[in-house]
Amino acid sequence: MEILKIKNLSKIYGKGETAVKALDDVSFSVEKGEFVAIIGPSGSGKSTLLHLLGGVDKPTSGKVYVSDTDIYNLNETNLAIFRRRQIGLIYQFYNLIPVLSVEENITLPLLLDGHKVDEQHFENIIKILGLEKRLKHLPNQLSGGQQQRVSIGRALINNPAIILADEPTGNLDSKNSIEIIDLLKMFNKTYKQTLIVITHDERIALQADRIIVIEDGKISKDEVTVK
Ligand SMILES: Nc1ncnc2c1ncn2[C@@H]1O[C@H](COP(=O)(O)OP(=O)(O)O)[C@@H](O)[C@H]1O
Ligand SMILES: [Mg+2]
């Protein structure tokens, strides 16, 4: 089943002389449960693409369909709801809220959505992430690897259909990088959550089902990995 379809997607930042074409007529589809790695040089448009897939930014032209919904055709309110319920975003520098505890950071998307915390699901996630003893800590009291686990918890608390990660291990040492990717892969396999990861790390890219290479705002290669 196709969960994501991108058609003729372009993004131009700025206007006139200073305009930058960050994405240039990109089209592809992703199957439900697929693990896709996106690689390419710095400045090639990877983060722009990921933001457009997640409903975070608006394309200059083209369409993004998630399970047949044309997401940029939704009004602001419905797009925000779509983002909270369908998309889990993970960033290189975690983007946690410094004054909120681990528990509060993770459950924030639920509270924003007016939902009660499903204790069973919460405890399950906390256990998988190994954060049981850190729930009352603030982000600056945690290691980088722990902070990234919290951001994964926050991304997954709503059971999103799609996990989008922008260089999630870019700030971590190799031991923590392996652990974070193993966690993401585990959620991908166990819960059939579609996983799209931007990475500079070839070892991570080779673990994906498929590698998309972006160069100069275009897809220059799109290949299934040989296992
Ligand atoms: N908010 C922005 N305003 C203007 N230009 C931007 C903005 N974000 C990204 N760009 C430009 O768009 C291009 C693609 O950027 P980005 O998607 O961040 O690339 P990558 O993630 O592959 O490094 C770059 O030339 C970058 O400078
Ligand atoms: Mg980037």
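Leaving aside its neighbours within four places in sequence, which residues is Thr225 in contact with?

Tutor: Happy to. This is a predicted model, in which local features need pLDDT of at least 70 and side-chain atom pairs count only at pLDDT 80 or more, while totals for chains, interfaces and linings use all residues. Residues are numbered from 1 along each chain as its sequence is written, chains are lettered from A and ligands numbered from 1 in the order in which they are written, and side-chain values use heavy atoms, with hydrogens and water left out.

Beyond four places in sequence, Thr225 is in contact with Ala205, Leu206, Ala208, Asp209, Arg210 and Ile211; contact means heavy atoms within 4.5 Å. Thr225 sits in the segment after β10 (218-224). Helices (H or I, at least four residues) and strands (E, at least two) are DSSP runs, numbered from the N terminus. With 13% relative accessibility, Thr225 counts as buried, where buried means under 20% relative accessible area, exposed over 50% and partly exposed in between, with a 1.4 Å probe and protein chains only.

Lys46 lies in helix α1 and counts as buried because its relative accessibility is 5%. Not counting residues up to four places away in sequence, Lys46 touches Ile38, Ile39, Gly40, Pro41, Glu167, Ile198, His200 and Ile214. The C-alpha atoms of Lys46 and Val213 are separated by 9.0 Å, though the two are 167 residues apart along the chain. A polar side-chain atom of Lys46 also lies 2.8 Å from an oxygen atom of ligand 1.

Around ligand 1 are Tyr13, Val20, Ala22, Pro41, Ser42, Gly43, Ser44, Gly45, Lys46, Ser47 and Thr48, a residue being near a molecule or strand if one of its heavy atoms lies within 4 Å of it. By class, this shell has four nonpolar, six polar and one charged residues. Here Ala, Val, Leu, Ile, Met, Phe, Trp, Tyr, Cys and Pro count as nonpolar, Asp, Glu, Lys and Arg as charged, and the others, Gly among them, as polar. Helix α1 gives the most to the shell, with three residues.

The largest nonpolar core has 35 residues, of which Ile106, Ile152 and Leu184 touch the most other members. Such a core is a set of buried Ala, Val, Leu, Ile, Met, Phe, Trp, Tyr and Cys residues joined through side-chain atoms within 4.5 Å. Helix α6 (residues 174-191) gives the most to this core, with five residues. Apart from this core lies another, of 29 residues, including Phe28, Val64, Ile71 and Ile196.

Ile106 leads us to helix α3 (residues 102-112), where Val102, Asn105, Ile106, Thr107, Pro109 and Leu110 are buried. Their cover includes α2 (76-86), α4 (119-129) and α5 (144-156). After α3 comes Gly114, whose phi is positive, near 70°.

Two residues other than glycine have positive phi as well. Asn95, with phi of about 50°, is found in the loop between β6 (87-91) and α3, and its 45% relative accessibility makes it partly exposed. Ser67, with phi near 45°, is in the loop between β4 (61-66) and β5 (69-70); at 36% relative accessibility, Ser67 counts as partly exposed.

Definitions and conventions: Polar contact = N/O pair within 3.5 Å; in protein donor to acceptor, adjacent residues only side chain to side chain.
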